[in-house]
Amino acid sequence: MISLIMALVEAPQNKLLIEKLYKQYEQDMYRITYAILKSKTEAEDAVAEAFIRIIRNSSKIDVENTSKTKAFMLIVAKNTALSRYCELKREMRFTESLEGLSENLPDIHKDMLSRVNTEHIFEMIKEIGSYFYDIMFLQCKYGYSDTEISDITGLTEVNIRQIKSRGKRKLVEKMKKEGMI
């Protein structure tokens, strides 16, 4: 991984600094990111992303003060892992929301829906209407509640629920026509 990180560093003096920091703090950074993400690959990715952020901010590193440098390194790693954790949670909610679309379908078709390409579903949602797409995008992608969507769009919560209900029915009809269910 260090060779990929080093490829991003342009100045020779920065290469030495980043290499030294990597050797000195990589394991500590990994432990922090793993504690947050609970996944080896996600933790490794978070450490790599943290080093990319550190490279961009290498001018802020105080080489003389090792405790300050260590704190900086570990804070960047922790914040990177927390950002990644939130991103993974949003993706999980998005997937769960799409699975929620199938609640009115027979059990046989629920399994099929989970295998359908989500991009294709969103293309179908776009075709149904812009209100339905906007509402589903805010709910699935960002995890907003009906109340929050109401505040954002200016529509009432009743309208939000009605648009979702009608849109889901149209989506199921469209999926049936395309032979997806």
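Are Tyr22 and Phe51 buried or exposed? Both Tyr22 and Phe51 are buried, where buried means under 20% relative accessible area, exposed over 50% and partly exposed in between, with a 1.4 Å probe and protein chains only.

1. Basis. This is a predicted model, in which local features need pLDDT of at least 70 and side-chain atom pairs count only at pLDDT 80 or more, while totals for chains, interfaces and linings use all residues. Residues are numbered from 1 along each chain as its sequence is written, and side-chain values use heavy atoms, with hydrogens and water left out.

2. Confidence. The chain has a mean pLDDT of 78, and 77% of its residues reach 70 or more; pLDDT is the predictor's confidence in each residue, from 0 to 100. Helix α5 (residues 107-115) has the lowest confidence, at a mean of 50, and α3 the highest, at 89. Where pLDDT is low, the predicted coordinates should not be read in detail. Helices (H or I, at least four residues) and strands (E, at least two) are DSSP runs, numbered from the N terminus.

3. Helix α3. This helix covers residues 40-56, 17 residues in total, and reaches 25 Å from its first C-alpha to its last. That is close to the 24 Å expected at 1.5 Å a residue, the expected span being 1.5 Å times one less than the number of residues. Its buried residues include Glu42, Ala46, Phe51 and Ile54.

4. Cores. The largest nonpolar core has 18 residues, of which Ile18, Leu21, Met29, Phe51, Ile54 and Met73 touch the most other members. Such a core is a set of buried Ala, Val, Leu, Ile, Met, Phe, Trp, Tyr and Cys residues joined through side-chain atoms within 4.5 Å. Two or more residues come from each of α2 (12-37), α3 and α4 (66-100), and the largest share, seven residues, is from α2. A second, separate core of twelve residues includes Phe122, Met124, Ile128 and Cys140.

5. Leu21. Beyond its neighbours within four places in sequence, Leu21 is in contact with Glu26, Phe51, Ile61, Thr69 and Met73. Contact means heavy atoms within 4.5 Å.

6. Aromatic pairs. The structure holds two of them. Rings of Phe, Tyr and Trp (its six-membered ring) pair if their centres lie within 6.5 Å; planes under 30 degrees apart count as stacked, over 60 as edge-to-face and the rest as tilted. The ring centres of Tyr22 and Phe51 are 5.2 Å apart and their planes are at 50°, so this pair is tilted. Because Tyr22 lies in helix α2 and Phe51 in helix α3, the pair ties together parts that are 29 residues apart in sequence. For Tyr30 and Tyr34, the centres are 5.9 Å apart and the planes at 25°, so the pair is stacked. These two are four residues apart in helix α2, and therefore separated by about one helical turn. Tyr30 is buried, at a relative accessible area of 18%, whereas Tyr34 is partly exposed, at 37%.

7. Arg84. This residue lies in helix α4 and is buried, with a relative accessible area of 18%. Its side chain is joined to that of Glu42 by a polar contact of 2.8 Å. A polar contact is a pair of N or O atoms within 3.5 Å; within protein, one must be able to donate a hydrogen and the other to accept it, and residues adjacent in sequence count only if both atoms are side-chain atoms.

8. Ser58. The loop between α3 and α4 holds Ser58, which is buried at a relative accessible area of 14%. Its C-alpha atom is 8.2 Å from that of Ile18, 40 residues away along the chain.
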